There are 2 protein chains.
Amino acid sequence: MRDDASSLDEYGTDALKRGHPADLVVMPGTTAEVSAIAELCNAARVPLVPRGAGTGYTGGAVPVQGGVVLSLERLNRILEIDEANLLAIVQPAVITGHLQEAVERIGLFYPPDPASLGRSSIGGNVAECAGGPRAFKYGTTKRYVLGLEAVLPSGEVVRTGGKTVKNVVGYDLTQLLVGSEGTLAIVTEIILRLMPLPPAHATMRATFTSVEAAVSAVIGIVRARVVPAVLELIDADSLTAVERYFGQSLAPTGTQAMLIVETDGFESVVHDEIRQVEAACRVADATDVRIANDEAERQEIWRLRREMSYALRTIASLKFNHDIVVPKGRIPELFALIDRLRTTYAMRIPCFGHVGDGNIHVNLMVDKDDEAAVKRVPQVERELFEGVVALEGSITGEHGIGFAKARYLPLELSPQTIALMQRVKRAFDPNNILNPGKIFPA
Amino acid sequence: MRDDASSLDEYGTDALKRGHPADLVVMPGTTAEVSAIAELCNAARVPLVPRGAGTGYTGGAVPVQGGVVLSLERLNRILEIDEANLLAIVQPAVITGHLQEAVERIGLFYPPDPASLGRSSIGGNVAECAGGPRAFKYGTTKRYVLGLEAVLPSGEVVRTGGKTVKNVVGYDLTQLLVGSEGTLAIVTEIILRLMPLPPAHATMRATFTSVEAAVSAVIGIVRARVVPAVLELIDADSLTAVERYFGQSLAPTGTQAMLIVETDGFESVVHDEIRQVEAACRVADATDVRIANDEAERQEIWRLRREMSYALRTIASLKFNHDIVVPKGRIPELFALIDRLRTTYAMRIPCFGHVGDGNIHVNLMVDKDDEAAVKRVPQVERELFEGVVALEGSITGEHGIGFAKARYLPLELSPQTIALMQRVKRAFDPNNILNPGKIFPA
């Protein structure tokens with residue numbers, strides 16, 4: 001338990017950097033302790049905010065109405081890795097990357113790979129339904145959650161799902177809890193499905209003189225019946241930032257988009273597939289195609305993608321990072337919209353991300369001392385989100401709503417759907433003590 | 001609209017064959033009509049039971065409390081197949097097999113393949129979260145449902161999810177509705193994710209002198225990092241029934257289990273993988289391994305599996321078909337339990353199914369004229385389900401609870417979890433008019 005000012009601030013903020021101090025921070029070590037804390041808060045009608053590693057981008061772990069922050073950091077053990085049944089049972093504070101290393105050591109695979117995997121926890125990934133580059137082939141966190149132990153605001157402990165990959169007993173509360181941003185229950189144990197680790201990879205990058213050409217390559221790849229593990233796009237603004245950050249040229253002059261593609265599976269097929277990918281890129285007029293010949297060249301390609309967030313810092317001091325998603329055939333229209341916003345608001349907006357899923361990270365870059373620019377951000381956000389919804393897309397594909405996007409929820413969901421979600425919320429949390437002020441507009 | 005006695009009976013039963021006559025059958029042709037009917041029933045507190053193709057095994061579409069059966073049969077159109085975005089938009093009464101044929105004609109793939117796919121509808125598949133042999137690699141229906149249009153009991157129309165594969169805006173009502181057995185809302189439109197059609201297959205069968213040996217082969221296959229599309233097991237009782245039905249011997253004397261395995265993907269890898277599968281089977285002491293050399297031999301292997309249900313009819317006139325599921329490493333314990341039941345109750349219990357998922361169809365076969373045997377069925381069911389739960393399994397992996405398994409729900413779920421599900425039910429259907437008498441014990 002902590003109540004010193006520095007802890008209250010530290011546990012009151014996340015990667016969004018718009019925090020609110022907690023009134024108290026507690027670190028329970030058992031499910032029974034989580035239950036007792038919930039019961040107390042519920043009886044006293046005190047806000048209770050579950051917290052994983054605090055790496056979220058939408059303020060999901062921020063106690064916007066004060067109250068008790070319940071950090072799950074002590075529930076940090078891998079309880080079981082069951083090779084025969086391809087599953088792992090973990091506590092919520094296990095770091096995602098640590099779980100991946102542990103299972104890969106015995107030839108197994110936990111695919112979800114959010115950029116934060118070295119720091120974010122499985123519990124946070126479950127709360128937000130984290131994605132990552134491999135989601136194109138392997139899906140997001142939800143596809144791997146088989147069962148949960150969770151504490152309701154009343155203190156009741158429920159178990160959902162179980163150790164089997166199929167289970168249609170009653171309602172799928174497991175999938176309802178995944179992505180519920182800590183507003184329905186506090187997850188205390190997670191049963192995860194694992195897969196056999198793919199034995200081989202092939203990796204390439206290709207450059208194009210337009211986003212349209214890159215998207216047409218993506219559609220050609222799918223037509224060739226290849227399902228790459230990774231299918232990433234980097235736009236010209238982002239590429240320029242990385243080039244400056246690395247101090248080297250990475251693409252031919254005139255490049256407007258780069259694709260990074262990785263296939264995985266048996267040695268016999270990955271090279272076959274990457275050649276199909278190469279062909280699709282050439283048909284789409286790729287200007288430069290490079291296939292990694294060895295692990296060093298593969299890492300060189302990945303470095304480009306992995307250092308992206310750091311590289312963007314060279315553009316401006318503030319980054320408003322939005323993870324919007326559109327049907328992938330509409331990505332050229334999305335980029336046309338972004339170009340209009342760039343021109344209208346004279347704003348740098350580097351974009352990159354998971355083109356196979358239509359899930360693009362759109363980064364509004366402004367200097368923190370440029371007050372006029374900072375003030376324009378909400379207007380740019382609103383136009384971006386309105387445009388995305390008009391393109392049959394969604395305002396968040398990975399980061400969740402938290403409090404940062406709550407006001408935009410009605411852009412995407414009808415009043416009837418929002419009211420239904422609120423009734424579901426009340427079925428779990430009738431007194432609205434669990435992570436209040438999130439998801440729903442005030 | 002129909003109210004003649006024969007229609008009321010016909011629409012009052014399903015594949016479980018334990019029906020209850022409807023008071024009225026309606027066949028709306030639009031979402032607006034569905035909405036108007038729901039509003040009327042809700043105002044008058046009349047039970048309203050949505051119905052797909054009536055192929056369910058647990059009475060999900062049976063109006064056990066009478067009332068209005070709402071058949072979705074007129075909402076039977078494929079509205080859109082979007083090749084670039086790998087999705088289809090369909091009305092609920094589209095026959096699953098018809099959708100598969102339509103998308104395969106343009107090189108796309110809708111993987112879920114319940115045995116009933118020639119007759120069952122997508123809407124029913126969504127209501128029950130149907131599975132099938134390909135679920136081992138591709139998952140069940142839920143993995144393919146991106147969005148829904150659904151009518152609430154109040155008549156309100158809500159849209160959940162959408163056209164994107166990633167969407168974390170609010171609660172995942174889509175996944176909550178999948179498998180909710182028509183108790184929460186009436187689904188009127190479905191957005192489905194498609195995949196590229198795998199270009200090639202390799203198929204084999206292998207026999208073993210024990211179920212343990214077959215399961216050890218399955219675990220060996222996974223260790224070899226192969227993810228087959230299909231991984232099916234047939235036990236000795238089932239095999240004998242097929243042999244009698246076909247009038248030919250299919251396996252060496254002493255066979256206790258047969259595996260059917262199919263790999264799919266690029267030509268370059270499927271044969272590689274099937275050789276790995278073969279090796280794993282030989283390590284596990286397979287007595288006879290046959291790899292299909294051509295499509296005719298492949299179809300011969302599949303015929304074995306496909307004719308299973310018909311073959312079982314040669315054993316006895318009544319089949320109580322249970323789709324239990326256990327972690328696959330515990331399948332030998334499951335078969336030990338089934339052997340005990342066979343001996344104790346002198347009952348024929350042929351078993352077969354999706355061993356990769358641990359999902360085994362356990363068929364209690366009794367002659368309908370043998371009253372004593374028919375009377376013993378509930379006791380055998382209870383012991384089977386108790387045993388499955390003790391093996392960390394689930395009492396249904398594919399068919400749902402309906403009313404046939406409702407009394408067994410407390411074997412698997414705690415009172416707290418059941419109460420929570422009932423609160424969720426009330427959030428959708430406060431007057432309990434939608435498919436009452438299902439899932440929850442009376």
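**View 1. The open sheet of chain B in this predicted model.** Five strands line up in the order S4-S5-S9-S7-S8. Their pairing is antiparallel. S4 (78-82) and S8 (157-161) of chain B stand at the edges. Each has a single partner strand, so one side of each has no neighbour in the sheet. On average, neighbouring strands are turned by 10° against each other, direction ignored.

**View 2. Helix H2 of chain B on the sheet.** H2 covers residues 31-44 of chain B and packs on the sheet. The helix touches S7, S8 and S9 (186-193) of chain B. Its direction makes about 50° with that of S7(B).

**View 3. Strands S7 and S8 of chain B, side by side.** S7 spans residues 145-151 of chain B. The two strands run antiparallel, and 5 bridges join them. Which residue of S8(B) stands opposite B:Glu149? The residue is B:Arg159.

**View 4. The fold of chain A.** Chain A holds 15 helices and 17 strands. Its C-alpha atoms fill a box of roughly 65 × 60 × 40 Å along the principal axes. The radius of gyration of chain A is 22 Å. A compact globule of 442 residues would have a value near 22 Å, so chain A agrees with that rule.

**View 5. Interior and surface of chain A.** Of the 442 residues in chain A, 64% count as buried. Take the contacts in chain A between residues at least 6 apart in sequence: 72% of them join residues at least 24 apart. The accessible surface of chain A is about 15,700 Å². Carbon and sulfur atoms account for 49% of that surface.

Note on methods: Residues numbered from 1 in each chain as written. Chains lettered and ligands numbered in written order. Predicted model: local features only at pLDDT ≥ 70, side-chain atom pairs only at ≥ 80, totals over all residues. Heavy atoms only, no water. Pairing = 2+ DSSP bridges. Helix = DSSP H or I, 4+ residues; strand = E, 2+ residues; numbered from the N terminus. Axes fitted to C-alpha atoms, helices over the stretch in contact; angles between N-to-C directions. Contact = heavy atoms within 4.5 Å. Rg over C-alpha atoms; globule rule 2.2 N^0.38 Å. Buried < 20%, exposed > 50% of the residue type's maximum accessible area, 1.4 Å probe, protein only. Areas by Shrake-Rupley, 256 points an atom, 1.4 Å probe, with all protein chains shown as cover.
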